[in-house]
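Here is a short report on one protein model.

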Amino acid sequence: MSWLFGVNKPPPPGEEPPLIPGSPGGGDQGGGDSGGKDDTGDGKTAPVWRSFDPSGLERAAKAARELEKSHHSKEALEMARMQETTKQLEQQRKIKEFEANIEGMKLDKTRVEQEEKRKTLAAETQQHQQRAQYQDQLARKRYDDQLTQQRHMNEDNLAKQEESVRKQEAMKRGTIEYQAELQHKNEMKRLEAELRGKAQIERENKDIRLEKIRVKAAEQRETVLQSIKTAGSILGAGFNAFISDWDKISATAAGLTLLALGVYTAKYGTGVGARYIEARLGKPSLVRDTSRLSVFGTVRHPVQTFRKMFVNYEDSLQGIILKPSLETRLQEVSKATANTKKNKGLYRNLLFYGPPGTGKTMFAKSLAKHSGMDYGIMTGGDIVPMGKEGVTAMHKVFDWAETSRRGLLLFVDEADAFLRKRNQEKMSEDLRSTLNAFLYRTGESSRKFMLVLASNQPDQFDWAINDRLDEMVEFDLPSLEERVRLVRQYFEEHVLKPATTGSRAGRLKIANFDFNVKCRQIAEVTEGLSGREISKIAIAWQASAYGSPDGVLTEEMMDERVQEAVRQHKQKIEWHSTELPGETTASNTTTQKNRDSVLKRTQDNKSKKG
């Protein structure tokens, strides 16, 4: 209520305030605050009474009188009292806060002292640890120095011991060598004395020994002469008696003649009989596989022989998947061959050419079985290393073929291995002779056997071989539809059949997927692969299933095997493409010329027969 009493109010102009003595402590009594202080010129604080306004008392008295007259006097006093109480409480709160700050400062001081003590203890502990570590390092170093000194001492002692042992060994070796030298000298002296004694004895007994040798030789010579005289007299008496008796001479001559005749007859008769038996009962060494029944084969495999006798092949293309146009042509060839056998006509020689694995050998076997003929399979690679025996082996094959009662289809696989052009310098004389023997035996059409050649390089054939071919059939790689059928057939053969037959424990299992869609996808991916390569993919599926932990063939396993087969096929194509371009062009040109020539001759033969 400083406004009421006029404190801190500037005095009116021209009027100086009265002098009031200040408090001893220079406090702020009378409601004065920092505003009641003033600085004098000499740096001392101005007294409070200088700023006191006397008119404030008048105004206060006037206000008090007005307040007494007012209706709200009591409320004003009560409010003033409450303000003073509030100020007192505020002052007490500040005192308590100050006391709390003092206590906090004491706690902070205690905490700082404790922290300093802890740091001091930690520093002392670290110092103690460092001192202990340093002492330990000193102890270890001292121990290592002791060990090093001890090791040096041991090494010195060991070196001294080794030196002592070497000296002892040297002394011992020297002693032994000296003893050996003395012994050697004594032995040499003893041997020298013995040899001198023996030489003296030999010189003294030389005449006696020579006399003994001469007497022994004379006795032996006399004995040999007497033996010769006795044997001569006996042989002469016997020969004279034999010559004088003509009956003995005639009997001896007849016996020798009969003996020579028996030896000659047995030798050649055995050879003829062996060849006859081999032609009738066995098979030549060049024939790898045959359907002809033999005594030895029947004895070894009676069940298989019995089955072959009662199997009827109605379709020559059963199990063989080819292009429709090729199937139609092969059906015509099959019917023509079967009718030729029934009517005992002349068989026609065929050439199957095309990439490997396209079904040439399979159809040749099926053609023979469908026609009711026997078949024999040989390969040209077996003839090349035979050398001089190739001619004999070739004649044996054709002799054996002519003894077949049902007719024989002789299938020669890889025929270009030995039926190549004779004007090549690389062909040996033995192989040339074998080729001439083959040409001699196939010069005319036969009613006993039918010749079917298979080759991947027909342009390598000799011209005389092309002249003996009546028809050529090309086996090309399968198209998309044929690949679909091949994949389905080999999947059923190598996967479905093992999965549905046999014991349940060892059966192959197949995951759940649509194989018809999968078959089409695999056929699209395997473009350029032959039927044999597709069958190997199916066999690889079977092996993968058997090799898996649960024995289940999954779609991923099939895709992995197919991709591997396609990659290998591309690698083979790259290897094959490394052939020289000139050789490839010449080979293709020659092949086309041979095809045109053979086709022309075939048409001429048909027109002549017609």
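Asp462 is buried, at a relative accessible area of 8%. Buried stands for under 20% relative accessible area, exposed for over 50%, and partly exposed for values in between (1.4 Å probe, protein chains only). The model is predicted: local features need pLDDT of at least 70, side-chain atom pairs count only at pLDDT 80 or more, and totals for chains, interfaces and linings use all residues. Residues are numbered from 1 along each chain as its sequence is written, and side-chain values use heavy atoms, with hydrogens and water left out.

**Salt bridges**

Asp462 forms a salt bridge with Arg422, with 3.2 Å between the closest N and O atoms. The two residues sit in distant parts of the chain, 40 residues apart. Asp462 lies in the loop between β5 and α11 (463-467), and Arg422 in the loop between β4 (408-413) and α10 (429-441). Arg422 is partly exposed, at 29% relative accessibility. Helices (H or I, at least four residues) and strands (E, at least two) are DSSP runs, numbered from the N terminus. A salt bridge here is a side-chain nitrogen of Lys or Arg within 4 Å of a carboxyl oxygen of Asp or Glu.

The structure holds 27 salt bridges.

| Pair | N to O distance |
|---|---|
| Arg111 and Asp108 | 2.3 Å |
| Glu194 and Arg190 | 2.8 Å |
| Asp462 and Arg422 | 3.2 Å |

Arg111 and Asp108 are three residues apart in helix α3 (residues 73-244), about one helical turn. Asp108 is partly exposed, at 34%. Glu194 and Arg190 are four residues apart in α3, again about one helical turn. An α-helix has 3.6 residues a turn, so residues three or four places apart point the same way. Glu194 is partly exposed at 38%, and Arg190 is partly exposed at 41%.

**Strand β2**

Strand β2 (residues 350-353) is covered on both faces. Leu350 and Phe352 are buried on one side, Leu351 and Tyr353 on the other. In a regular strand the side chains alternate between the two faces of the sheet. β2 runs parallel to strand β5 (residues 449-455), joined by four bridges. Tyr353 stands opposite Ser455 there. β2 also pairs in the parallel sense with strand β6 (residues 471-474), over four bridges. Leu350 has Glu471 as its bridge partner in β6. Strands count as paired if DSSP finds at least two bridges between them.

**Nonpolar cores**

A nonpolar core is a set of buried Ala, Val, Leu, Ile, Met, Phe, Trp, Tyr and Cys residues joined through side-chain atoms within 4.5 Å. The largest has 32 residues, and Leu419, Phe438 and Leu453 touch the most other members. β2, α9 (389-402), β4, α10, β5 and α11 each supply at least two residues. α9 gives the most, six. Beyond its neighbours within four places in sequence, Phe438 is in contact (heavy atoms within 4.5 Å) with residues including Met394, Phe398, Leu453 and Ile465. Another core, of 26 residues, lies apart; among them are Phe491, Ala523, Trp541 and Ala565.

**Helix α13**

Which residues of helix α13 (residues 515-525) are buried? They are Phe515, Lys518, Cys519, Ile522 and Ala523. These cover an arc of only 135° around the axis, so they are on the same side of α13. The arc is that of the directions from the helix axis to the C-beta atoms. Their cover includes α12 (480-500), α14 (531-547) and α15 (555-577).
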